[in-house]
Amino acid sequence: MLYRRIAIVLVMVALLMGVMPVQGQDLKPIPIKLPKAMFVGTPQNINVPNLEKPLGKPREPFLAPAGVVNVALNKPVNSSDDAPIIGELEMVTDGDKEATDGSYVELGPFVQHVTIDLKAKHTIYAIVLWHFHKQPSAYNDVVVQACDDPAFKTNVQTIFNNDHDNSAKLGGGKDKNYIETAEGKLIDARGVQGRYVRCYSNGNSNNDLNHYIEVEVYGLPVK
Amino acid sequence: MSEEKGNADSKKRIDRRDFLQGLAGIPVLGAFALAALKQESYRRTRKAQLASAAVPQGDAAEVNVALLGVGAQGDVLLNSMLKIPGLRFKAVCDVWTEYNLRRAANLLKKYGHEVNTYEDYREMLDKEKGLDAVVIATPDFWHAEHTVACLQAGLHVYCEKEMSNTLEGARRMVQAARDTGKLLQIGHQRRSNPRYIFTHDVLLRELNILGRVVTAGGQWNRSAAPDLGWPKKYEMPVDRLKKYGFDSMHQFCNWRWYKNLGGGPIVDLGSHQIDIFSWFLGANPKSVMASGGTDYYDKATHEWYDTVMAIYEYDTPRGTVRAHYKTQTTNGSLGYFEQFMGDQGTLVLSESSQIGALYREKTQAGPWDEWVRKGYLTEPKILESKAEDLTQGALDVRETISPDEHKIALQFFDPYHKPHLENYFNAVRGLEKLNCPAEIGYESAVAVLKVNEAVEAKQTLYFKPEEFLAQGAA
């Protein structure tokens, strides 16, 4: 009896936290295909507070309902910088995650964003984000949001925010800073729903610029 | 020092250390003390920097700059320069017009610099008449031609290391700087790093904190990585590649691995640190032996050695120093650092601010409390708790005692290349002397390029003192 009560409480907590899908759903690891690991070239001076400790081992698989795929693949992208320094915005969703020249788009300095139009409302379970993993670096003020409004004015849902001092003026966040790697940053989206996904950054530990190799959005269409 | 005296001193030092640990245990006092130490440390370093400059004050006017070579390293330099006030970028030159050149011009535009772009440096020098300075970050085998032409065009030059892939080329660069009277800074950026300057000027020279240095070491370990790729849609045409000395896009993107184009990892990586050996020891090497080979990668595309181990011997004013250096490109563990070991202590230093510590030889060195109080070093961290047993009188003095670890209090968080570029532009303005002029860069090139020769010769090679003097420059 006691065990049953404990089990019920645990299930309820899990449901409230949004980490457990509807009962009876089959969970599968989301199919992330990783690029080649890099870290070449001249090292840079990294001084980033509140930095997440590296795992030191491959990330655990992320479980989501069967059928969840990258719904951002080849979807249209727009940006606060419509004249990138190099590369094209299509690279953000083209499936190429390598950290080589020609695989990333480089946006101008300071706060910039890319916005992916999923073309329909989706339930989003995870977002995996590769800024630039050729060299160790941490991107500043990473904020990831989902919304049904392309202008991101109403009902904006913030999924990740490590802007501790609100320097990007989007509202402060408490998530940790992190070093870019070939694994990308996996963000648990906890089943939020929206048609548009927007990723902000505010330069990085090496320079003022903003880079995007790929953004993957793992979800299912809302029926 | 006798064993008996050493043991007695150990007791005294433990008392002092206990006192320091007690201080550190008071968080508020500790925080104030640390802030004060850092401030004092910074003040001393700035004072040391200014004292070493010893130059007349000049006009801090705007400097008109051209960039020659804006690939990966040029991009690193450019992003550092964008944080230096008083620079006006006027022109950019790169043979990869479809990608590097376009990218650099677009980047500069974001910061309000409208630049003229060029594929051929000769056209740039012909057309751009208002330039003061150029920053060169082309492949090593182009350095001599580019530098000499720019100096002769009346420009001051910052040229990335390695100064040249041949000593003949490096000598021509030195001679051109002498003939034209223009400045030539070589990109050994540690020479301007505040932590390195502080360590050299204050800890080693003023305090002689290591005592008699007997050995040195260094390494740069880098993880295995695939060859660099390129976007197919931006490929250079073959005739242009050939015109500028490359067989293919693969060779263009990976030129560092090719003989006649670069010098391989021992030159790309080791050059920085072998330069520190000479600077900190106050001497150039008298011999080198080395072993190396392409043991991991494809020899067809990695002509230079992916793994090299070298041993140098130095005759310093205080006696012989032997130094070992290792570079490998198949495992990044333990990263990169330099190490100097004297009878009073050990120094481990790296460009990375996270690495930088001194270890006191407890049985030989006097206390370092004063340097802690003055803010040169942080309070000691006890590395091994067993050391506490020393107070029990059960120590066998023949055993090695774990040293305490002191961090260098001075922190540095700017981009690594920024101080060296600042030094260059301040020299252009007449405000400072160059920290790595052509002659110093040449000495470093002599010491480093000999390693590849020693690998091939499979025997100890000796340097003649006159080899370091860039004599016989054309």
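Some angles come up on this tour: axes are lines fitted to C-alpha atoms, for helices over the stretch in contact, and angles run from 0 to 180 degrees between N-to-C directions. This is a predicted model, where local features need pLDDT of at least 70, side-chain atom pairs count only at pLDDT 80 or more, and totals for chains, interfaces and linings use all residues. Residues are numbered from 1 along each chain as its sequence is written, while chains are lettered from A and ligands numbered from 1 in the order in which they are written.

**Stop 1: the sheet in chain B**

Select the six strands that make up an open sheet in chain B, in the order β3-β2-β1-β4-β5-β6, with parallel pairing. Strands here are DSSP runs of E with at least two residues, helices are runs of H or I with at least four, and both are numbered from the N terminus. Two strands pair if DSSP finds at least two bridges between them. At the edges you'll find β3 (116-118) and β6 (184-186) of chain B, each with a single partner strand, so one side of each has no neighbour in the sheet. On average, neighbouring strands are turned by 20 degrees against each other, direction ignored.

Zoom in on β4(B) and β5 (residues 156-159) of chain B: four bridges join this parallel pair. One to click on is V135(B), whose bridge partner in β5(B) is Y158(B).

**Stop 2: helices α6 and α7 of chain B**

Next, bring in α7 (residues 167-180) of chain B: it packs against α6(B) at an angle of about 5 degrees, with the axes 9 Å apart. That makes the two helices, α6(B) and α7(B), roughly parallel (angles under 35 degrees). To see where they meet, show residues including H143(B), T147(B) and L151(B) from α6(B), and M173(B) and A176(B) from α7(B). Contact means C-beta atoms, placed from the backbone, within 7 Å.

**Stop 3: helix α3 of chain B**

How many of the ten residues of α3(B) are buried? Seven are, so α3(B) is largely enclosed by the rest of the structure. Buried means 20 or more other C-beta atoms within 10 Å of a residue's own, exposed means 12 or fewer, and partly exposed is in between, with C-beta atoms placed from the backbone. Among the buried ones are V76(B), L77(B) and M81(B). Their cover includes β1 (63-68), β2 (87-93) and α14 (418-428) of chain B.

**Stop 4: where the chains touch**

Show both chains: the contact takes 26 residues from chain B and 19 residues from chain A. On the chain B side, α3 (72-81) and α4 (97-110) each supply at least two residues, and α4(B) gives the most, with six.

**Stop 5: chain A**

Chain A has one helix and eleven strands, and 42% of its 223 residues count as buried. Residues 24 or more positions apart account for 78% of its contacts with a separation of 6 or more.

Finish on P221(A), in strand β11 (residues 214-221) of chain A. P221(A) is exposed, with 12 other C-beta atoms within 10 Å. Leaving aside neighbours within four places in sequence, P221(A) is in contact with A120(A) and H122(A).

Methods
Contact = placed C-beta atoms within 7 Å. Parallel < 35°, antiparallel > 145°, perpendicular 65-115°, else oblique.
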